[in-house]
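Subject: Structure handover

Hi,

Here is the structure for you to look over. My notes come after it.

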Amino acid sequence: MKKFDVQGVDLHTTRETAFSYIADPMHLPQWTNAFASVTGRRAVMRTPNGEIEIDLMVRLSEEQGTVDWFMTFPDGSVATAFSRVVELDPEHCAYTFVLTPPPVPLEQLEGTLKEQSRILAEELQNLKRILERHG
């Protein structure tokens, strides 16, 4: 059973522009389906069972191009997402995203990860449209 998914997108914008946008958690609701809102270290996530308030911690390294998210749910479970922006040339970069297992029971993991992978592909295309329009 697959326990992760890695996807990426080529962005026609500078690494600095992409990193700055992606690293700002306030932008998450603009390019992802999962986040309804972000305020400081709190976020409202959309789930199949409705919206839920979580703690959101972002760890980033501009030097390495990494943006990692740690989402703590009310029950104490933690979901993670790891990503990286890499310069391809002065006007292009690649953005890769590692989708890790969500905090669901093992018997639900494969179906949930498959659905999240499909959603991630759409979100990366949305991010591409945003950054290439405004970059």
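Below is what turned up, by topic.

First, a caveat: this is a predicted model.

Aromatic rings. The search of the whole structure gives four aromatic pairs. Tyr95 and Phe97 form one with ring centres 6.5 Å apart and planes at 70 degrees. Planes over 60 degrees apart count as edge-to-face, so this pair is edge-to-face. Tyr95 and Phe97 are both buried. Ring pairs also join Tyr95 and Phe97 with Trp31 and Trp69 in a cluster.

Charges over rings. There are two to look at. Arg59 lies over the face of Phe70, 4.5 Å from the ring centre. Arg15 places its charged end over the ring of Phe19, at 6.0 Å from the centre.

Thr32. This residue sits in the loop that runs between helix 2 (28-31) and strand 2 (35-39). A polar atom of the Thr32 side chain lies 2.7 Å from the backbone oxygen of Leu28. Setting aside residues up to four places away in sequence, Thr32 touches Arg46 and Glu123.

Ala23. Look for Ala23 in helix 1 (residues 15-23). Ala23 counts as buried because its relative accessibility is 11%, and the cut-off is under 20%. Beyond neighbours within four places in sequence, Ala23 is in contact with Val58, Leu60 and Val67. Ala23 and Arg84 are 61 residues apart in sequence, with a C-alpha to C-alpha distance of 10.0 Å.

Best regards

Terms used:
Residues numbered from 1 in each chain as written. Predicted model: local features only at pLDDT ≥ 70, side-chain atom pairs only at ≥ 80, totals over all residues. Heavy atoms only, no water. Helix = DSSP H or I, 4+ residues; strand = E, 2+ residues; numbered from the N terminus. Polar contact = N/O pair within 3.5 Å; in protein donor to acceptor, adjacent residues only side chain to side chain. Contact = heavy atoms within 4.5 Å. Buried < 20%, exposed > 50% of the residue type's maximum accessible area, 1.4 Å probe, protein only. Phe/Tyr/Trp six-rings, centres within 6.5 Å; stacked < 30°, edge-to-face > 60°. Lys NZ or Arg CZ within 6 Å of the ring centre and 35° of its normal.
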